[in-house]
Amino acid sequence: MRINENYLNVKESYLFSEIARKVNDYAEKNPDKKIIRMGIGDVTLPLPPVVIDALHKAVDDMAAKETFHGYGPEQGYDFLREKIVAYYKENTIRIDINEVFISDGAKSDVGNITDLFDKDNVVLVPDPVYPVYVDTNIMNGRKIEYMQAKASNGFCPLPEPGVKADIIYLCSPNNPTGAVYTSEQLKAWVDYALKNDAIILFDAAYEAFIGDEKLPRSIYEIDGAKRCAIEFCSLSKTAGFTGTRCGYTIVPKDLKVEVTKLKKLLKVDSNVVELNKLWLRRQTTKFNGVSYIIQRGAEAVFTPEGRAQIKENIDYYKQNAKIIAETLDEVGIKYFGGENSPYIWLECPGSMRSWEFFDYLLESINVVGTPGAGFGANGEGYFRLTAFSDKDSTIEAMERFKKLFTPVPEPEIPEEPEADETAEPADEAPEAELVIEEPEASETPEAEE
Ligand code: PLP
């Protein structure tokens, strides 16, 4: 027996465990300090009432013989898939119900989709990156190329001449940078994919955070995308399903891939294969669907009341993002994202490195964020804050930011005495510098989880 040794090539993920270790250590040594967590991307608001009602009702359905549901269709119940078709239609995108696959979240499908692709494909991922794209491909032994997401390209890298990739991961709005691709930029990727027989895996987990109508919420807003892109969506952040688990994936029927001659010999009828059929085959073999109860809850998200209720939640998080952005503007810290995204990606002030800034924030104002370096080499010197905390904590954290980063006003220079030409010139007034204030112990109740 041999294991899949590719697993040995997957780097240990130290990011969140290291954050947890440092925070726990600090909390243990400083039990009187109130730590505010703005690091992990989990939501804090509960499921909307309309979802809770639907879940209760679905539980009751399971109690009666007539309405009990056992195994369901692996690709999801039509009642939910129809709602998703209608959701796309509002955005003038036509999706066939058989192109919709209900999942237990975007993470599973983003990872599992790699089952469909040969090991010898070149995979292109942005740096910094949501680590799942990298690790799942390493597990399959695929070669990974990085595209440079930097401040200079607004963290939205475009196809570069000479780069040859077969599988391209795009995430917009982006985790961790909060950047959002424009339609023109996505068109450049769709054109590239069509020209190079590549496939785009488009992670739209945060699409509902896009408020600017000019920005695309789906890659299928771009002509030709149905021939080259799979889209992954999630109800986790948009409707509070992080614990309940539900998402959906669109695999268009127009997405066809030519098979090699060798496979033709292996009795594949035509030399063109629909990825939709392959994914259906994969799901019906390896996945047994999302539970009836959860799909009823998800269905409620797409009703008019559901849409209104999730909008309220999204607006709440976006308000938090605004509070963070305004504070950073006020104290002169440069940042990206936060407008059409729940993530704020800031440049560590004073040229600090990501982990150095993490320690500095934790120790000086007891605020926890995520060091950008944990998302890739280009994340070094950056730091991610999320808008998913509750509003009061966000306000308090930002008050602490203001205290910590407000420059000391320049000291008033007393009237010059009569000029004495023989005297040395006076020293220049010192540059404004950062004040580092320890929060007062009396203000800090129990550490919150
Ligand atoms: N894609 C991105 C970019 C994410 O940030 C996340 C979660 O943080 C996911 C996918 C996973 O979402 P889900 O909870 O639906 O599995």
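**Close-ups of a predicted model**

**View 1. Thr327 and its surroundings.** Thr327 has 22 C-beta neighbours inside 10 Å, so it counts as buried (buried means 20 or more other C-beta atoms within 10 Å of a residue's own, with C-beta atoms placed from the backbone). This is a predicted model, so local features need pLDDT of at least 70 and side-chain atom pairs count only at pLDDT 80 or more, while totals for chains, interfaces and linings use all residues. Numbering runs from 1 along each chain as its sequence is written. Thr327 sits in helix H11, residues 304-331 (helices are DSSP runs of H or I with at least four residues, strands are E runs with at least two, and both are numbered from the N terminus). Skipping neighbours within four places in sequence, Thr327 is in contact with Met398, Phe401 and Lys402 (contact: backbone-placed C-beta atoms within 7 Å).

**View 2. The largest nonpolar core.** This core has 112 residues, and among those touching the most other members are Cys228 and Ile344 (a nonpolar core is a set of buried Ala, Val, Leu, Ile, Met, Phe, Trp, Tyr and Cys residues joined through C-beta atoms within 7 Å). H11 gives the most to it, with seven residues. Leaving out residues up to four places away in sequence, Cys228 touches Val190, Ala193, Leu194, Ala198, Ile199, Ile200 and Leu255.

**View 3. A four-stranded open sheet.** The strands are ordered E11-E12-E15-E14, with antiparallel pairing (strands pair if DSSP finds at least two bridges between them). E11 (335-337) and E14 (370-371) are at the edges with a single partner strand each, so one side of each has no neighbour in the sheet. Three bridges join E11 to E12, residues 343-347, and Tyr335 has Leu346 in E12 as its bridge partner.

Terms used: A residue is buried if 20 or more other C-beta atoms lie within 10 Å of its own, exposed if 12 or fewer, and partly exposed in between; C-beta atoms are placed from the backbone. Two residues are in contact if their C-beta atoms, placed from the backbone, lie within 7 Å.
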